[in-house]
Amino acid sequence: MKEELIKFATKWHKGQKRKYTFEPYVNHCIEVAEMAEAHNIPFGYEIGLFHDLLEDTLCSIESIRIILFPKYSDNEIDFIINGIVSLTDIYVPVNFPHLNREKRKALEAERLADILPAYQSVKYCDLINNTSSIVNHDPRFAMYYLAEKKYMLSLMNKGNTKLYNEALKNVVL
């Protein structure tokens with residue numbers, strides 16, 4: 001089943017490259033999925049693998065539902081899709097052009113504070129994976145990024161304790 005899910009994510013992220021390293025973007029999604037799975041996050045693999053589909057591609061919720069059915073129950077599919085939706089940024093420039101980055105990121109952090117612990121745990125994996133790349137390749141931007149993530153983690157603290165602590169260590173200025 002994992003191979004089928006990876007194929008699906010790869011198809012949707014086709015042509016997308018990771019900033020700084022230019023490797024296929026889907027590799028980031030796979031790394032987030034594997035980290036979530038290694039920490040026994042419920043459906044963390046699926047949510048982690050698909051966490052950027054709605055934000056970064058034209059993939060629809062219905063397409064995700066189709067790939068998951070019938071291998072998962074309706075409740076499991078709903079849980080996975082709700083996780084993906086919860087991790088999809090709402091406060092983006094196209095939706096809120098009148099807000100600057102600082103305000104959008106603060107609103108996003110406040111929204112993430114209320115998502116389920118399992119979803120927060122997958123977000124920790126995403127943050128951990130992104131942070132090292134940004135710190136290593138763009139130290140100037142990293143100062144802003146780390147401050148944003150530190151604020152986010154101060155609010156979003158209900159997930160897996162081990163991942164939370166690792167994420168927190170990654171954002172120390």
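## Thr88 and its neighbours

Leaving out residues up to four places away in sequence, Thr88 touches His51, Leu54, Glu55, Glu108 and Arg111. Keep in mind that this is a predicted model. Where does Thr88 sit? Look in the loop between α6 (74-86) and α7 (101-112).

Is Thr88 buried or exposed? Its relative accessible area is 12%, so Thr88 counts as buried, the cut-off being under 20%. The side chain of Thr88 also has a polar atom 2.7 Å from the backbone oxygen of Ile84.

## Ser86, in helix α6

Ser86 belongs to helix α6. With a relative accessible area of 14%, Ser86 is buried. Which residues does Ser86 touch, not counting those up to four places away in sequence? They are Arg111, Leu112, Ile115 and Tyr119. Arg111 turns up here, and it is on the contact list of Thr88 as well.

## Two pockets

Now for the empty space. Rolling a probe the size of a water molecule over the atoms shows where such space is left. The largest pocket holds about 770 Å³. Its lining is made of 30 residues, and the ones nearest its centre are Glu55, Asp89, Lys105, Asn130 and Tyr145. Glu55 is also one of the residues that Thr88 touches. Helices α4 (53-56), α7, α8 (117-137) and α9 (139-155) each give at least two residues to this lining.

## The nonpolar core

How many residues make up the largest nonpolar core? There are 48, and Leu49, Phe50, Ile64, Leu68 and Leu153 have the most contacts inside it. Helix α8 gives the most to this core, with 8 residues.

Apart from residues up to four places away in sequence, Leu153 touches Tyr124, Leu127, Tyr164, Ala167, Leu168 and Val171.

## The start of the chain

Met1 lies in the segment before α1 (2-12). Its relative accessible area is 33%, so Met1 is partly exposed, falling between the 20% and 50% cut-offs. Setting aside neighbours within four places in sequence, Met1 is in contact with Ile67, Lys71 and Tyr72. From Met1 to Asn27 is 26 residues in sequence, and 17 Å in space from C-alpha to C-alpha.

Most residues other than glycine have a negative phi, and most peptide bonds are trans. With that in mind, check the bond from Phe69 to Pro70: it is cis, with omega near 0°. Pro70 is in the loop between α5 (61-68) and α6.

Tyr20 has a positive phi of about 80°, although it is not a glycine. You'll find Tyr20 in the loop between α1 and α2 (26-38). Asn40 also has a positive phi, near 55°, and sits in the loop between α2 and α3 (44-50). Is Asn40 buried or exposed? Its relative accessibility is 67%, so Asn40 counts as exposed, the cut-off being over 50%.

Key: Residues are numbered from 1 along each chain as its sequence is written. This is a predicted model: local features need pLDDT of at least 70, side-chain atom pairs count only at pLDDT 80 or more; totals for chains, interfaces and linings use all residues. Side-chain values use heavy atoms; hydrogens and water are left out. Helices (H or I, at least four residues) and strands (E, at least two) are DSSP runs, numbered from the N terminus. Buried means under 20% relative accessible area, exposed over 50%, partly exposed in between (1.4 Å probe, protein chains only). A polar contact is a pair of N or O atoms within 3.5 Å; within protein, one must be able to donate a hydrogen and the other to accept it, and residues adjacent in sequence count only if both atoms are side-chain atoms. Contact means heavy atoms within 4.5 Å. On a 1 Å grid over the protein atoms alone, a cavity is a set of points where a 1.4 Å probe fits but cannot get out, and a pocket is an open set with protein on both sides within 12 Å along at least five of seven lines; lining residues have an atom within 4 Å of a point. Grid points are joined across faces, edges and corners, and a volume is the space filled by probe spheres set on the points. A nonpolar core is a set of buried Ala, Val, Leu, Ile, Met, Phe, Trp, Tyr and Cys residues joined through side-chain atoms within 4.5 Å.
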